[in-house]
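Subject: The structure you asked about

Hi,

Have a look first, then read my notes below.

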Amino acid sequence: MHRPVLDFIMAFNSVLLLLSVCSASAFAQVQTQADLNKMATGLIVKWNVLTNTKQYGTFEAEVTLENKAADFNLTYGQWEIHFDCVFRIEPELTGIRGNIEVELKGQSLILGHLQGTHFYFKPTTSFITLPTGAARKIKLHIGDYSVARTDSILNWYITFPNLEPVVIASTTGESLSFVAPRSEIQQWKRFDSDEYNPYTPQVRYERNSITDPSYKSEIRVIPNLASIVLNNPADPIKLAVTNSWKVTYVGQLDKEASYLASSLGLQPASNGNSGQSVIHLRLGDVALSDNGITKNSSDIYSITVNSTSSQIDIVGQGPSGVFYGAVTLLSLVDENRLVPECVINDGPRFEYRGLMLDIARSFHPKEEILKLIEIMSSYKLNKLHLHLSDDEGWRIEIPSLPELTQLGSQRCHDPSETICMMPQLGSGPDNSTRYSSGFLTTGDYIEILKKANDRHVTVIPEIDMPGKGRSAILSMKLRDKKGNGGINTTLTEEGDQSEYTSPQMFSDDAINPCLQSSYNFINIIMDELISLHNQ
């Protein structure tokens, strides 16, 4: 090639390179909070499960990062993208211990796993700039199977030193719009011979339809009544419960009577004998044929609706039976306040009729729990199992150990975990996310207990240990630093090198049962909970 031509080509390439560098430098990089906010708004994240069937017991996923931030490059720097995943990502690399970083070969990224569901990406020095309008795919090998879009978790966020973390807007919302649909068979089958297929609405209906219900009565009450006899089944006589009716009772049934009167919008209940236009509550024996009902249960009741005497009698073998009779009566009253003339004898097949609410992983405030108790009682459920602690959160105030709620009830982006615990299960970078942070004060808990007692619901508190104790362990470490007030409540040994992992991917959540200080902690918790239940 002639020298002049060669010089021209080299000069031309230099100009192109200079223009490219100048063009790139004209675009902003993360430096300020406004920059980070802009990137969090403009970065479009997509999560897609490629296949579950390529290798037994694992699946392959793809994360797409698309830069739609105007005039903004995502370059190598100290940014990190944090997210939650309920499956172990790159299990051959990350192992079982947590608090580890591994390089994703050929992808210019480092994958970090802290504890539990919390992972993050950060760039290596070979990271190629992601300019505006460009997209990059990240390939991941993940343990277990993912057969549903709802396996994915929302609220990814981006961080940069000395700036406030920001949720990536494209990953918000319970619609999970950033998660790709499952349109290919390998995206929902766990292996080639798997018979599972997602249910269509039609299939779901057919699987749950009841063509010949065993309960033949036209009067439907949930749960089914043990016995109901209508005066005239074909055309039942109806009794109108107008606003002039009264609720009366004898004995210690004021709570049950007040509940019924208030629910029907009647004047306050009174202690006295029955009469006309009266719903009368009392205790007594109830004859009930053998329908699998526990005969000595205080929950058994009868209802007699008599249109001739214009009276409704509710008899319970205990106050709870009277209450459940009131609940059944409320379900019989139609929109015109009419009740069919009938005789009901009913009782539970199961003494324990429970519901478990986990407020440790996802916190639910007092108001929601009070509402739940009301709903439980309308279905005659009588046991509320409250899961108050777990790795992801401590949710009950213990005045003697304030660190449990100061630290253990809060989740936010704090790698030191001395102000709050790191996010889990999509709780996001600050404690404003619904259900992530919070706790029940002693006053809240007492209010819950009183409401439950009025609705004949027993609250069963659960403190999870010795496993699933991470929130307590971190809180007691904070207490040790502040000064333990003369009572040692340390829950782990310093420098413990035990290697384990829980199904939820925690490797630092086991309370040591060989330490006396662990029992000091347990005694404080038990004493204070017992005191609350005795109030």
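Let me start with a question: are Cys 412 and Cys 420 buried or exposed? Both Cys 412 and Cys 420 are buried. Buried means under 20% relative accessible area, exposed means over 50%, and partly exposed is in between (1.4 Å probe, protein chains only).

Before I go on, some ground rules. This is a predicted model, where local features need pLDDT of at least 70 and side-chain atom pairs count only at pLDDT 80 or more, while totals for chains, interfaces and linings use all residues. Residues are numbered from 1 along each chain as its sequence is written, and side-chain values use heavy atoms, with hydrogens and water left out.

**Cysteines**

A disulfide is a covalent bond between the sulfur atoms of two cysteines. The search used here takes a pair of cysteine sulfur atoms within 2.5 Å as a disulfide, and in the whole structure it finds one. That disulfide joins Cys 412 to Cys 420, with 1.7 Å from S to S. It is left-handed, because the torsion about the S-S bond of Cys 412 and Cys 420 is about -80°.

**Domains**

The protein is divided into domain 1 (33–187), domain 2 (227–346) and domain 3 (354–534). These bounds come from an automatic or database domain assignment. The centres of domain 1 and domain 2, taken over C-alpha atoms, are 59 Å apart.

A quick word on names: helices (H or I, at least four residues) and strands (E, at least two) are DSSP runs, numbered from the N terminus. Two strands pair if DSSP finds at least two bridges between them.

Find strand 3 (residues 80–84), where five of the five residues are buried. Glu 80, His 82 and Asp 84 point one way from the strand, and Ile 81 and Phe 83 point the other way. Strand 3 runs antiparallel to strand 8 (residues 157–159), with three bridges joining them, and Glu 80 has Thr 159 as its bridge partner there. Strand 3 is also antiparallel to strand 6 (residues 118–123), this time through four bridges, and His 82 is partnered with Tyr 120.

Now move to strand 18 (residues 342–346), where four of the five residues are buried. Strand 10 (residues 227–230) runs antiparallel to strand 18 and is joined to it by four bridges; here Val 229 stands opposite Val 343. Strand 15 (residues 301–306) also pairs with strand 18 in the antiparallel sense, over four bridges, and Ile 303 stands opposite Ile 344.

Two packed helices are described by the angle between their axes and the distance between the axes. Axes are lines fitted to C-alpha atoms, for helices over the stretch in contact, and angles run from 0 to 180 degrees between N-to-C directions. Contact means heavy atoms within 4.5 Å.

The axes of helix 5 (residues 254–264) and helix 6 (residues 319–332) come within 9 Å and cross at roughly 10°. That is why helix 5 counts as roughly parallel to helix 6. Angles under 35 degrees count as roughly parallel, over 145 as roughly antiparallel, 65 to 115 as roughly perpendicular, and the rest as oblique. Residues making the contact include Tyr 259 and Leu 260 of helix 5 and Phe 323 and Val 327 of helix 6.

**A parallel sheet with helices**

Which strands form the open sheet, and in what order? Three strands do, in the order 19-20-23, with parallel pairing. Strand 19 (354–358) and strand 23 (458–462) are the edge strands, each pairing on one side only. From one strand to the next, the twist averages 20°. Five bridges join strand 20 (residues 383–387) to strand 23, and Lys 383 stands opposite Thr 458.

Helix 9 (residues 442–454) lies across strand 20 and strand 23, at about 145° to strand 23. Helix 9 also packs with helix 7 (residues 366–378) at about 10°, with the axes 10 Å apart, so these two helices are roughly parallel to each other. Among the residues in contact are Ile 369 and Ile 373 of helix 7 and Ile 448 and Ala 452 of helix 9.

Happy exploring!
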